Amino acid sequence: IGQVSGQFQSIAATDRTPLIDISEVMSGNGKFIKVSNNGQSLPDSASLGNDEDDWACTFDSDTGFLWEVKSSDDGIRDTDWRYAWGNENGSECQNSNNCNTNDYINRINADSLCGKHNWTLPNMTELNSLIRRNPRAWRCADQETGQVSIRYECIRWIEISAGKAPMIENFYFPNTKADIGYWTSTIGEHPDEAELVRFYEETSSDWGAHYMRFSRAVRLVQK
């Protein structure tokens, strides 16, 4: 966390009206900060966009990570694009000739997203840090007695198909999909597999390893 004042100086202390006191950022209290395309801190009222002063990333002051924010404009960071892992060939992205994570990372770094050039895939632990427990208890029936109970772990596939919101801070990470896995840099049990994280439940957020040739979602991190 002590890295914030140096590496993220433009985020934590700029010539604009400060979003929060720098001491709050340094304390690691879990506050998220919106960050513009050119790497400046923004107020919570900022909107996503492609201009240099528009919101494009979110800084997690609790971990010191800067995360890309997905868009819904058919641009390079659109939430509906899917990528194969590494240099494998996928087919569901803006650059349909090269829909893989390596090409996506290279393009984001070439664009200097939020003023940074070292974006990469997060490992499974890092991506899991974005999982947020929903404070609301979900009501469902006990599978043995049929009685309705209230408990946090009552998450069912039927709720996913009904459009239940992903387990993430939606205000700071809009356009996150609950029904698809996100690639991590963590290799699976076999060398042609990589681990996924899925934002569809509160407790078990890892989704196991999938073959790298499959097309899945991506959220990059700058560490």
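The legends below describe close-up views of one predicted model.

Residues are numbered from 1 along each chain as its sequence is written, and side-chain values use heavy atoms, without hydrogens or water. In this predicted model, local features need pLDDT of at least 70 and side-chain atom pairs count only at pLDDT 80 or more, while totals for chains, interfaces and linings use all residues.

View 1. Helices (H or I, at least four residues) and strands (E, at least two) are DSSP runs, numbered from the N terminus. Of the 223 residues, 47% are buried. Buried means under 20% relative accessible area, exposed over 50%, partly exposed in between (1.4 Å probe, protein chains only). The chain exposes about 10800 Å², and carbon and sulfur atoms supply 45% of that area. Accessible areas come from the Shrake-Rupley method with a 1.4 Å probe; for residues, only the protein chains shown count as cover. Contacts are heavy atoms within 4.5 Å. Among contacts between residues at least 6 apart in sequence, 55% join residues at least 24 apart.

**View 2. The largest nonpolar core, with 24 residues.** A nonpolar core is a set of buried Ala, Val, Leu, Ile, Met, Phe, Trp, Tyr and Cys residues joined through side-chain atoms within 4.5 Å. Cys57, Cys114, Trp119 and Leu220 have the most contacts inside this core. Strand 1 (32–36), strand 3 (55–60), helix 4 (101–110) and strand 8 (193–197) each give two or more residues to it. A second, separate core has 16 residues, including Met124, Ile168, Ala217 and Val221. Back in the largest core, Cys114 touches Val35, Ala56, Cys57, Leu66 and Trp119, among others, not counting residues up to four places away in sequence.

**View 3. Strand 1 and its two partners, strand 3 and strand 2.** Strands pair if DSSP finds at least two bridges between them. Strand 1 pairs with strand 3 in the antiparallel sense over 5 bridges. It pairs with strand 2 (residues 41–42), also antiparallel, over 2 bridges. Lys34 stands opposite Thr58 in strand 3 and has Leu42 as its bridge partner in strand 2. The hairpin of strands 1 and 2 has 4 residues between the strands, and Gly39 there takes a positive phi near 90°.

**View 4. Two of the 7 aromatic pairs.** Rings of Phe, Tyr and Trp (its six-membered ring) pair if their centres lie within 6.5 Å; planes under 30 degrees apart count as stacked, over 60 as edge-to-face and the rest as tilted. Tyr83 and Tyr104 are tilted, at 4.7 Å centre to centre and 35° between the planes. Tyr83 lies in the loop between strand 4 (65–68) and helix 4, and Tyr104 in helix 4, so the pair ties together parts 21 residues apart in sequence. Relative accessible area is 4% for Tyr83 and 1% for Tyr104. Tyr182 and Phe199 are edge-to-face, at 5.4 Å and 80°. Both are buried.

**View 5. Thr176, in the loop between helix 6 (157–161) and strand 7 (182–187).** Thr176 is buried, at 10% relative accessible area. A polar atom of its side chain lies 2.8 Å from the backbone oxygen of Phe173. Thr176 also touches Pro166, Ile168, Tyr182, Phe199 and Arg219, not counting residues up to four places away in sequence.

How values were computed: A polar contact is a pair of N or O atoms within 3.5 Å; within protein, one must be able to donate a hydrogen and the other to accept it, and residues adjacent in sequence count only if both atoms are side-chain atoms.
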